[in-house]
Amino acid sequence: MKVLGIETSCDETGVAIYDSEAGLLADCLYSQVEIHAKYGGVIPELASRDHIRKTLPLIEEVIEKAGIDASEIEGVAYTAGPGLVGALLVGAAIGRTLGMAWDVPTIGVHHMEGHLLAPMLEPEPPEFPFVALLVSGGHTQLVKVGGIGQYELLGESLDDAAGEAFDKVGKMLGLPYPGGPHVAKLAQKGDPTRFDFPRPMINRPGLDFSFSGLKTYVRNTITSLRDEAGELAEQDAADIARAFEEAVVNTLSIKCRRALEETGYKKLIIAGGVSANLRLREVLEEAMAKVDGRLFYAQLKYCTDNGAMIAYAGCQRLLAGERDDLEIRAQPRWSLESLAAI
Ligand code: KG4
Ligand code: ZN
């Protein structure tokens with residue numbers, strides 16, 4: 001079954017065609033980073049307007065890239081939530097309309113299920129069950145995964161998501177938006193022994209996270225190191241970035257280990273934008289090797305938002321017989337646990 005996937009939940013327009021027989025045929029991505037960079041964050045209305053401009057031309061491009069005719073597409077999947085409602089509505093309206101025009105089934109996909117299943121696109125995908133650490137700009141969640149749609153939330157962030165914390169620290173350090181990859185790059189030049197930032201909530205039982213205290217700690221450290229002109233030395237900024245990254249990675253790693261102990265599972269998958277963080281991958285690889293377990297993640301371009309993960313997740317649900325009615329669905333808030341098992 002060939003499925004067109006459409007992702008427009010935030011600031012990337014992503015489209016892809018996934019074939020259940022042949023795998024991923026093609027994917028195209030248009031990032032709005034430049035549009036939002038000058039504001040230091042995503043402006044929802046600008047995001048929606050740009051999705052309107054980009055989605056259809058990108059769909060034409062991906063069909064051509066896949067070397068197929070539009071008439072060969074057998075299903076359409078679009079991100080129905082969670083995300084920015086205006087941005088979601090663009091992909092949802094286009095996806096649902098194409099489904100009707102082409103007379104093929106359509107399905108609204110949960111964005112975080114898309115992320116969670118992205119490692120399935122790799123040559124050696126994980127087998128169920130496993131623990132998933134979802135770390136994006138909007139979510140930090142530990143999920144016990146029994147199969148597609150069998151999701152039990154083990155813990156989540158009580159305040160900022162991990163990616164959001166990276167972005168806010170990037171802003172404090174004067175780095176471009178989105179801060180995550182820039183903080184990670186700067187951290188490589190930092191001295192890991194200079195600061196020891198707090199690891200939030202590791203001494204409390206349970207699997208929830210909190211990153212807002214760490215963020216305040218970073219802000220106070222920056223303030224204390226500014227010179228009279230208010231400038232922060234480059235090495236100080238790099239050392240702060242490194243200490244922050246270590247604190248986040250270490251916290252995530254401790255909670256992952258706890259989740260694996262609690263479930264008795266040996267497989268951990270990481271997904272979402274922050275799973276692109278190389279230090280996180282390195283630390284978790286080491287942790288998994290120690291417990292004779294295995295770590296799985298998607299290739300870098302499928303960690304952040306993309307159409308391939310939506311095409312894949314939608315294809316699995318369409319193959320299981322799920323179909324949407326004619327309603328155009330956009331759910332800014334949508335619990336992962338409410339999804340149906342297939
Ligand atoms: O999954 P995603 O593309 O969008 C959401 O669903 O939110 O995740 C974006 C987040 C941003 O906060 C971004 O700064 C972060 O992922 N990110 C990173 C890295 N690459 C992207 N954070 C840390 N290190 C990275 N290398
Ligand atoms: Zn995402």
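**Figure 1. The whole protein.** The accessible surface of the protein comes to about 14,700 Å², and 50% of that belongs to carbon and sulfur atoms. Accessible areas come from the Shrake-Rupley method with a 1.4 Å probe; for residues, only the protein chains shown count as cover. The model is predicted: local features need pLDDT of at least 70 and side-chain atom pairs count only at pLDDT 80 or more, while totals for chains, interfaces and linings use all residues. Residues are numbered from 1 along each chain as its sequence is written, chains are lettered from A and ligands numbered from 1 in the order in which they are written, and side-chain values use heavy atoms, with hydrogens and water left out.

The C-alpha trace spans about 65 × 45 × 30 Å along its principal axes. A compact globule of 342 residues would have a radius of gyration near 20 Å, and the protein agrees, with 20 Å. This radius is taken over C-alpha atoms, and the globule rule is 2.2 Å times the number of residues to the power 0.38. The protein has 10 helices and 10 strands. Helices (H or I, at least four residues) and strands (E, at least two) are DSSP runs, numbered from the N terminus. Of the 342 residues, 55% are buried. Buried means under 20% relative accessible area, exposed over 50%, and partly exposed in between (1.4 Å probe, protein chains only). Among contacts between residues at least 6 apart in sequence, 72% join residues at least 24 apart. A contact means heavy atoms within 4.5 Å.

**Figure 2. A five-stranded open sheet.** The strand order is β8-β7-β6-β9-β10, and the pairing is mixed. β8 (150–156) and β10 (294–297) stand at the edges; each has a single partner strand, so one side of each lacks a neighbour in the sheet. Neighbouring strands are turned by 25° against each other on average, direction ignored. Two strands pair if DSSP finds at least two bridges between them. β7 (residues 140–147) and β8 run antiparallel, joined by six bridges. Within that pair, Val143 has Leu153 of β8 as its bridge partner. Helix α8 (residues 234–263) packs on the sheet. This helix touches β6 (130–135), β7, β8 and β9 (267–271), and its direction makes about 155° with that of β6. Axes are lines fitted to C-alpha atoms, for helices over the stretch in contact, and angles run from 0 to 180 degrees between N-to-C directions.

Figure 3. Six of the six residues of β6 are buried. In a regular strand the side chains alternate between the two faces of the sheet. In β6, Phe130, Ala132 and Leu134 lie on one side, with Val131, Leu133 and Val135 on the other, and all are buried. β6 and β7 form a hairpin with four residues between them. Six bridges join these antiparallel strands. Val135 has Thr140 of β7 as its bridge partner. β6 pairs with β9 in the parallel sense over four bridges. Here Leu134 is the bridge partner of Ala271 in β9.

Figure 4. His111 in helix α4 (residues 111–117) and Asp305 in the loop between β10 and α10 (307–319) are 194 residues apart, linking distant parts of the chain. His111 is buried at 6% relative accessible area. Asp305 is also buried, at 12%.

Figure 5. His110 is found in strand β5 (residues 106–110). This residue is buried, with a relative accessible area of 2%. Leaving out residues up to four places away in sequence, His110 touches Gly81, Pro82, Trp334, Ser335, Leu336 and Leu339. The peptide bond from Gly81 to Pro82 is cis, with omega near -15°. Pro82 lies in the loop between β4 (75–81) and α3 (85–102).

**Figure 6. Backbone details in the loops.** Most residues other than glycine have a negative phi, and most peptide bonds are trans. Tyr177 to Pro178 is a cis peptide bond, with omega near -10°. Pro178 is in the loop between α5 (162–172) and α6 (179–187). Asp103 has a positive phi of about 60°. Its place is the loop between α3 and β5, and Asp103 is exposed at 68% relative accessibility. Asp292 has a positive phi near 60°. Asp292 lies in the loop between α9 (278–290) and β10, and is exposed, with a relative accessible area of 68%.
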